[in-house]
Amino acid sequence: MESNGISEQKIITGDSGYILQDVPHLTDYIPDLPTYSNPLQDNPAYSVVKQYFVHVDDSVPQKIVVHKDSPRGIHFRRAGPRQKIYFEPDEVRACIVTCGGLCPGLNTVIREIVYSLYHMYGVTRVLGIEGGYKGFYARNTIPLTPKVVNDIHKRGGTILGTSRGGHDTLKIVHSIQDRGINQVYIIGGDGTQKGASVIFEEIRRRGLKVVVAGIPKTIDNDIPVIDRSFGFDTAVEEAQRAINAAHVEAESVENGIGLVKLMGRYSGFIAMYATLASRDVDCCLIPESPFYLDGKGGLYEYIEKQLKENGHMVIVIAEGAGQELLSESMQQDASGNKLLQDVGLWISQGIKDYFSKQKKMTINLKYIDPTYMIRAVPGNAADNVYCTLLAQSVVHGAMAGYTGFTSGLVNGRQTYIPFYRINEKQHKVVITDRMWARLLSSTNQPSFISNKEVIEDRKEHISGEEKNEETQLLDDENCADVVPENVDDSHP
């Protein structure tokens, strides 16, 4: 069932307002596919695990904050191994591609996909596509074996290389078909996942027995639905080094200001969590929370107040913050993202000019931009565990015949999420939410917005939720079937 080349969403409903936003399966367009017993049932490593195979009806609720009379709400298919698989190990020819910017944990995901295919399912033909999407038709492939990838998790970056853009759907699918590839693992951010969705639709249109599975990668944590993206924990941890350095510099001199610019093009999660973790930050500026510089209640006034009271100050600013105050850039990168002005340099100069020319006050400002140092490091322990679960989950799903999905953590459980949910919007900090209030309480900074703006923001947030309800997306308070919060799936 398709409309304009786009397959219809798979929605399964049940009692008490239960909604399963299911992922596509190969049998949706290739009927009567043979099934095979999952080799994991004979794997000694899993012989001690009770009920290792996931029940066909297992699902995970999107929202777990409920009222007693709330409908059960939206659910996603639970990730994990199935008793029956749709590929014989000998017939599998898999490929892995990494796209977009670097992120801690990329090599760990690559390693664990290869290890899962080899050691769980006996798949021995795995290719690495070099250089992002364009590598399908413009570059060579790298044979990936456990020996090749054994130590790569200790390195930052990606052994496959990456690039932005280069997405030519027909060329990519032709390459997949010509190479005999039948499992495609795509690691990348929101733009990459949109590209994966288009590839899936073309493969479906051709009726090919090829799985397209995504693993969401964004250091900014701006992908919706999932709890967090891999690499985010590492980014927050590494940001502490820059913030600590800024604090040392600031408190060591008279009227010292330490300014740290962190990643966050449209979403300020890294800046927010790094600020909360540090406790040394006096002001955090993010894209979602507008601010102004001059006048009563402005940033300059707050900086002056902090310097007079404490003698020093630390400011954290996300790269996308305050862009409305700068001249708008019309340039774009290869992925179609608008190139941002360097708000860190701009606001540094603005602060210096304000205090030297208007206040005749000597300040010592140190500006630190650790962007590329942060994203180039290997994943930390928490991210490495998460990458392992993501990789194993996506392999289980592919072998079970699911396709057109992204593997992600929802309320502490590994799930399979249809591409359209991942691609529908960006995940952003809600400045009328409790977490932002916790930050304001920690830094004691002004909100820089009026009560009128708060009310309008809240109305906009509520309006967005109501719109989602109309398309079967329920808000935070309209979902039941409570499950324990923050419980990890030990067995994806």
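Reader: Which residue in β16 is the bridge partner of Leu285?

Author: The partner of Leu285 in β16 is Ile317. The model is a predicted one.

Reader: What makes β15 and β16 a pair?

Author: Two strands pair if there are at least two bridges between them. β15 and strand β16 (residues 312-318) have three bridges, in the parallel sense, so they count as paired.

Reader: How do you know that β14 pairs with β16, and what is the bridge partner of Lys261?

Author: The cut-off is at least two bridges; β14 and β16 have seven, again parallel. Lys261 is bridged to Ile317 of β16.

Reader: What makes β14 and β17 a pair?

Author: Five bridges join β14 and β17 in the parallel sense, against a requirement of at least two. One of the bridges links Ile257 to Leu365 in β17.

Reader: What is the order of the strands in the open sheet, and why are β15 and β17 said to stand at the edges?

Author: The four strands run in the order β15-β16-β14-β17, with parallel pairing. β15 (283-285) and β17 (364-368) each have a single partner strand, so one side of each has no neighbour in the sheet. From one strand to the next, the twist averages 15°.

Reader: Why is strand β14 called largely enclosed?

Author: Seven of the seven residues of β14 (residues 256-262) are buried, so the rest of the structure largely encloses this strand. Gly256, Gly258, Val260 and Leu262 point one way, while Ile257, Leu259 and Lys261 point the other way, and all are buried.

Reader: Which residues have the most contacts inside the largest nonpolar core?

Author: They are Ile96, Ile113, Tyr185 and Phe230, in a core of 102 residues. Helix α1 (residues 106-121) supplies the largest share of this core, 10 residues. Another core, of 25 residues, lies apart from it and includes Leu259, Cys283, Leu285 and Met313.

Reader: Why is Asn411 called buried?

Author: Buried means under 20% relative accessible area. Asn411 has 14%, so it counts as buried. Asn411 is in the loop between β18 (405-410) and β19 (413-418), and has a positive phi of about 55° although it is not a glycine.

Reader: Is Asn444 buried or exposed, and how do you know?

Author: The cut-off for exposed is over 50%. Asn444 has a relative accessible area of 60%, so it is exposed. Asn444 lies in the loop between α13 (434-443) and α14 (451-470). Its phi is near 60°, a positive value in a residue other than glycine.

Technical notes. Residues numbered from 1 in each chain as written. Predicted model: local features only at pLDDT ≥ 70, side-chain atom pairs only at ≥ 80, totals over all residues. Heavy atoms only, no water. Helix = DSSP H or I, 4+ residues; strand = E, 2+ residues; numbered from the N terminus. Buried < 20%, exposed > 50% of the residue type's maximum accessible area, 1.4 Å probe, protein only. Axes fitted to C-alpha atoms, helices over the stretch in contact; angles between N-to-C directions. Core = buried A, V, L, I, M, F, W, Y, C linked by side-chain atoms within 4.5 Å.
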